[in-house]
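Please look over the structure shown below with some care, and keep the briefing that follows beside it as you read.

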Amino acid sequence: IRPASTSASINGFPVVAGGARLAFDDAVVRETLSREEVDLEVALGVGDGLAHAYGCDLTKGYVDENAAELGVTRADVTDLVVTSRYRSSHNGVTHVNLNQHFQGLEVFGGHVTVNVAVDGSVVFAGGSLAAKLAAAPTGSADLKATEAVEAAAEELKLGRLTDLHLISSSGAEAVVSDGGISDATIPVRLGWQPTDSGLRKAWQL
């Protein structure tokens, strides 16, 4: 690619020619970016080939704009993390899975999936997002990871624990020894558990 041969336009407004920025009304061009569809045209100046590509905000943007239809408010989806993304080979649909976070921690079970067709249109959006995240969050991290395993073992009546100890810890995640009740070490994660009375800080095993 030779930069001096490139040109570009946004919604029909030339913005680059000969690899250099053109003089244009910045406010007018910016206003066109708020349209539902934005047309970006780029010419490389190196051949006769022509291609089209369609894009879409696959993450927070779409969910934010359609929060009400998903049963939550925009405030509930201000912090979304993409947990996986893959493309189906038979139809080209891209599947994006996102998880809600609140105050830096995962909201357990707060997931949404957005499926986008090859032309950029959203063909499906749905999941189990938690509503009113900031209403009445409770709990603290006073309970240690090993204590969480002890509580779970007692509730499930798994028997007497032996040599239970913390192996590693990083941020909200930790690994605890098998304690004589598991075939492998036990990964635990601190996050928020949605309840009828609001979010409650909890360890997930």
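Ile-1, Val-42, Leu-44 and Val-46 form a nonpolar patch on the surface, and together they have about 420 Å² of accessible area, a value that comes from the Shrake-Rupley method with a 1.4 Å probe, where only the protein chains shown count as cover for residues. Such patches are made of residues with over 30% relative accessible area and no salt bridge, with like charges joined within 9 Å and nonpolar side chains (Val, Leu, Ile, Met, Phe, Trp, Tyr) within 5 Å. This is a predicted model, in which local features need pLDDT of at least 70 and side-chain atom pairs count only at pLDDT 80 or more, while totals for chains, interfaces and linings use all residues. Residues are numbered from 1 along each chain as its sequence is written, and side-chain values use heavy atoms, with hydrogens and water left out.

**Helix α3**

- Helix α3 covers residues 145-156, and its 12 residues reach 17 Å from the first C-alpha to the last, close to the 16 Å expected at 1.5 Å a residue (the expected span is 1.5 Å times one less than the number of residues; helices are DSSP runs of H or I with at least four residues, strands runs of E with at least two, numbered from the N terminus).
- Ala-145, Thr-146, Ala-148, Val-149 and Ala-153 are the buried residues of α3, where buried means under 20% relative accessible area, exposed over 50% and partly exposed in between, with a 1.4 Å probe and protein chains only.
- Seen down the axis of α3, these buried residues fall within an arc of 155°, so they line one face of the helix; the arc is that of the directions from the helix axis to the C-beta atoms.
- On the other side of α3, Glu-154 and Glu-155 are exposed.
- The buried residues of α3 pack against β9, β10, β11 and β12, where contact means heavy atoms within 4.5 Å.

**Salt bridges**

- The count comes to five salt bridges, each being a side-chain nitrogen of Lys or Arg within 4 Å of a carboxyl oxygen of Asp or Glu.
- Glu-106 forms a salt bridge with Arg-189, and their closest N and O atoms are 2.7 Å apart.
- Because Glu-106 lies in strand β7 and Arg-189 in strand β11, this pair ties together parts that are 83 residues apart in sequence.
- Glu-106 is buried, at a relative accessible area of 14%, whereas Arg-189 counts as partly exposed at 25%.
- Arg-21, Asp-26 and Arg-30 are linked in a network of salt bridges.
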